[in-house]
Amino acid sequence: LEACAEVSPRRVLEFLTAALVKGVTTPQRLRDRAVDLSCLKHRKLILNLLPDLADGIQSTLESHFLHQVVRPHHLPEGLRQISLSKGTRSDVVLEEYGVVVELDGRRGHEGDARWRDAQRDNRHLLRGYVTLRFGWHDVVLSPCSVASILAEVLRQRGWKGVRGEGIGRRCSARCTAWRLAGAQRGSDRTAS
């Protein structure tokens, strides 16, 4: 928490997740201490981030995915940091639909790690899971497109969507997610 007070607000999540991933502390211990420290810089931000961290968010990209893609578009949240095959963890697993979402930031996705990811995806495919991969630019710059792709894959795998329409919800008046999804389904019908 002292380190978080020394960095810009943009880096607070990074510091908190690093401590949690290393097992230095727990979200509950951080919360209890932050509540005690009424003059802690970034205290409100820290307290707002801790519920997501307790649910398994481990990076800024994962936080953006939850808050810019999933929740605004009313998509299923899934489970975070789940192991579907020995020695691996997946960012988000929507087990009911057989969908895995991997959020590829720079850390852990360069060089040989990329090939390990491909091998893991192949093992998951053999078990009936499809893997969707999104990076920083996808999630942060085109969240509605990401939502559209995720919703379409979920729909193909049995998700009924909001009001049983097989789609989520528009995040704003400018949301393009469902226009893209509708156009895709229309072109599928034309091709058949």
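I began with the largest cavity, which holds about 40 Å³ of space. My search of the whole structure found 1 cavity of 30 Å³ or more. By cavity I mean a set of points, on a 1 Å grid over the protein atoms alone, where a 1.4 Å probe fits but cannot get out. Points are joined across faces, edges and corners, and the volume is the space filled by probe spheres set on them.

A note on the source: this is a predicted model, in which local features need pLDDT of at least 70 and side-chain atom pairs count only at pLDDT 80 or more, while totals for chains, interfaces and linings use all residues. Residues are numbered from 1 along each chain as its sequence is written, and side-chain values use heavy atoms, with hydrogens and water left out.

Which residues line the largest cavity? I listed Ile 57, Glu 62, Phe 65, Leu 66, Glu 77, Arg 80 and Val 92 (lining means an atom within 4 Å of a point). Helix α5 gives the most to this lining, with 3 residues. Helices (H or I, at least four residues) and strands (E, at least two) are DSSP runs, numbered from the N terminus.

Next I looked up α4, residues 43-54. Its 12 residues reach 17 Å from first C-alpha to last, close to the 16 Å expected at 1.5 Å a residue; the expected span is 1.5 Å times one less than the number of residues. After α4 comes Gly 56, with a positive phi near 110°.

Last, the strands. In β2 (residues 90-94), 5 of 5 residues are buried. I found β1 (residues 79-82) paired antiparallel with β2 over 3 bridges; pairing requires at least two DSSP bridges. Ile 82 stands opposite Ser 90. β2 also runs antiparallel to β3 (residues 99-104), joined by 3 bridges, and there Val 93 has Val 100 as its bridge partner. The β2-β3 hairpin has 4 residues between the strands, and its Gly 98 takes a positive phi near 65°.

Definitions and conventions: Buried means under 20% relative accessible area, exposed over 50%, partly exposed in between (1.4 Å probe, protein chains only). On a 1 Å grid over the protein atoms alone, a cavity is a set of points where a 1.4 Å probe fits but cannot get out, and a pocket is an open set with protein on both sides within 12 Å along at least five of seven lines; lining residues have an atom within 4 Å of a point.
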